[in-house]
Amino acid sequence: MAKFYTTTAIDYVNGAPHIGHAYEKILTDVIYRHFTQRCEDTYFLTGTDEHGIKIQKTSVEKGISPKDFCDINAQKFKDAWKTLDIGYSQFIRTTDEQHEKVVQKIFKKLVDKGDIYKHSYKGLYCSGCEAFLNEKDLTEDGLCPDHLKKPEVVEEENYFFKLTKYKDAIIKHIKTHPDFIVPAFRANEVLNQLENIEDISVSRVNSNVSWGIPVLGDDSQVIYVWIDALSNYITAIGYDPEGSDGKFEKLWPADVQVIGKDILKFHSIYWPAILMALDLPLPKHILAHGWITIDEAKMSKSLGNVISPTAVLEAFNLDIPDPFRYYMASAAPCGKDGNYSDEDFKEKVNAHLANSMGNLLNRTLSMLVKYFDGDIKQEFLGKNELKEKALETVKAVKHHFDYFEVQEASQKIMELVDFVNKYVTDNAPWTLAKEGKTERCGEVLTNVLQVMTVVASLIYPYCPNIASAMAEQLGYDIKTKLDDITCETLISGHLIDKENIKPVFLRMDSELADKKK
Ligand code: MSP
């Protein structure tokens, strides 16, 4: 694979980032880092979605301009992603001048093509979804099922996009590309939604919604959020209807676009239709992840259980985000819902990262130093009984990532770690040393350390800091591509620096964080 382009949903900036937003960014970052270990050119786009009625209303309430309000909150997302080591290549804001200009041109192109037309309309508008809803989608009490709010009746003359024109082509695409929607079980849901689609409103009257991108040549209307928001995936990388730059040609179509299940309809129906109307290829995969609950409850302001990801790191006194990244990335099987709880977080991370993985490395390195002064000798380098299992795991991990099964891949890595721990227990190198079976003792320790270089590489996307510390202690280059891993990195004469050996991750044994915090 030569290039890999991945994106996340762009978050609304009404508030600060929470664990749900963080889950998606971590998942995408893990996928991105894994493919960076396999591809030459990789690119990761994330950002914020800043226009629309909600931002307009909240900024008025706060007595500041919408742009100032967006600036303050967009920075909170950037800061959080920095703390979590989200290694994005680009952060787009829909208020970026370049984005706004290209969205106007996209809109104009679709008007010129006859795919956008003006039409008088009366509909039910949910500001939570920033979308018009159909009567049949509402709850029995007439509320939006996602936001449990009564939609407003809106009567306006708007621009409409001819979604229905692309209905058959989208159905065909989904049916002929069974891996377009990941996980595949969601495709039926989308096919059902496609049965009832109608053309969609893509603008709002300026007097009702002013915080948006004006329609070129029609000041009375602003371009309405979804066409603006979805376009970010191409405007960010240099798409221009009048001539794109080389970066766009190189990166598009995206390899995987990661989003939450709640916005799958927009990404698997509206977005493909817009791309078809622009004569652009569709992304290879849309990965719809599940939702994260807190202590099994839906996160909501009214329940007061909205957790900020940085607050978790602070509460547990963590100076690296790796444990939280690892926990979130393995919180749920691909596409299913997951849960966060303080107790489970602490327990799982202590068990996997500190006890199983960290301790294995630390004990083995310490024994090599104790018995052999840290020296890997020629006579230790025989046939490694662990090599087959290690290389099998690399293959299995790659296979899971081909299907974006991030949790499943992490389980394979931990299976390898458990396997090696059992090997150490079974072979008891401390007994071999005591019994004077020096060469066998050296062999066992070296075999384990060879596998630990593989483990460091495989865990790197989840725990970049811990993996780098592991690699440093092993004296091995973490940047090695996965295809070049042989499980024979440590060669004769390789010396472990004893001054450098320390646990790569300490158990979180501090008292459980005060929930209020
Ligand atoms: N702005 C739109 C997306 C436009 S993409 C062109 C939006 N923003 S959002 O802030 O409401 O959500 C951003 C992402 O976070 C979505 O993919 C959404 O599914 C995800 N999550 C928000 N809450 C979540 C959880 N509780 N759990 C997991 N992800 C959730 O939608």
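Predicted model: local features only at pLDDT ≥ 70, side-chain atom pairs only at ≥ 80, totals over all residues.
Author: A polar contact is a pair of N or O atoms within 3.5 Å.

Reader: Which backbone atom lies 2.9 Å from a nitrogen atom of the ligand?

Author: A backbone N or O atom of Ile292 does. Ile10 also supplies a backbone N or O atom, 2.8 Å from a nitrogen atom of the ligand. For Gly20, a polar backbone atom and a ligand nitrogen are 3.4 Å apart.

Reader: How much of the 660 Å² that the ligand exposes when taken alone does the protein bury?

Author: The protein buries 94% of that area.

Reader: How many residues surround the ligand, and which are the closest?

Author: The count is 24, and the closest are Ile10, Glu24, Asp49, Gly260 and Asp262. Sorted by class, the shell holds 12 nonpolar, 8 polar and 4 charged residues.

Reader: Which residues in helix 15 meet helix 17?

Author: From helix 15 they are Ile413, Met414, Leu416, Val417, Val420, Tyr423, Val424 and Asn427. Their partners in helix 17 include Arg440, Val444, Asn447 and Leu458. This contact has 13 nonpolar, 2 polar and 1 charged residues.

Reader: At what angle do helix 12 and helix 13 pack?

Author: Angles of 65 to 115 degrees count as roughly perpendicular. Helix 12 (residues 322–329) packs on helix 13 (residues 342–372) at about 105°, and the axes are 10 Å apart. So helix 12 is roughly perpendicular to helix 13.

Reader: Which residues form the contact of helix 12 with helix 13?

Author: Helix 12 brings Pro323, Phe324, Tyr326 and Tyr327. Facing them in helix 13 are Asp344, Phe345, Lys348, Val349, His352 and Leu353. By class, 7 are nonpolar, 1 is polar and 2 are charged.

Reader: Now the backbone. What kind of peptide bond joins Val182 and Pro183?

Author: The bond between Val182 and Pro183 is cis, with omega about -5°. Pro183 sits in the loop between strand 8 (181–182) and helix 6 (187–195). A cis peptide bond also joins Trp252 and Pro253, where omega is about 5°. The loop holding Pro253 runs between helix 9 (246–251) and strand 13.

Reader: Is phi of Asp295 positive or negative?

Author: Phi of Asp295 is positive, about 45°, although this residue is not a glycine. Asp295 belongs to the loop between strand 15 (292–294) and helix 11 (309–315).

Definitions and conventions:
Residues numbered from 1 in each chain as written. Heavy atoms only, no water. Near = heavy atom within 4 Å. Polar contact = N/O pair within 3.5 Å; in protein donor to acceptor, adjacent residues only side chain to side chain. Areas by Shrake-Rupley, 256 points an atom, 1.4 Å probe, with all protein chains shown as cover. Nonpolar A, V, L, I, M, F, W, Y, C, P; charged D, E, K, R; others polar. Contact = heavy atoms within 4.5 Å. Helix = DSSP H or I, 4+ residues; strand = E, 2+ residues; numbered from the N terminus. Axes fitted to C-alpha atoms, helices over the stretch in contact; angles between N-to-C directions. Parallel < 35°, antiparallel > 145°, perpendicular 65-115°, else oblique.
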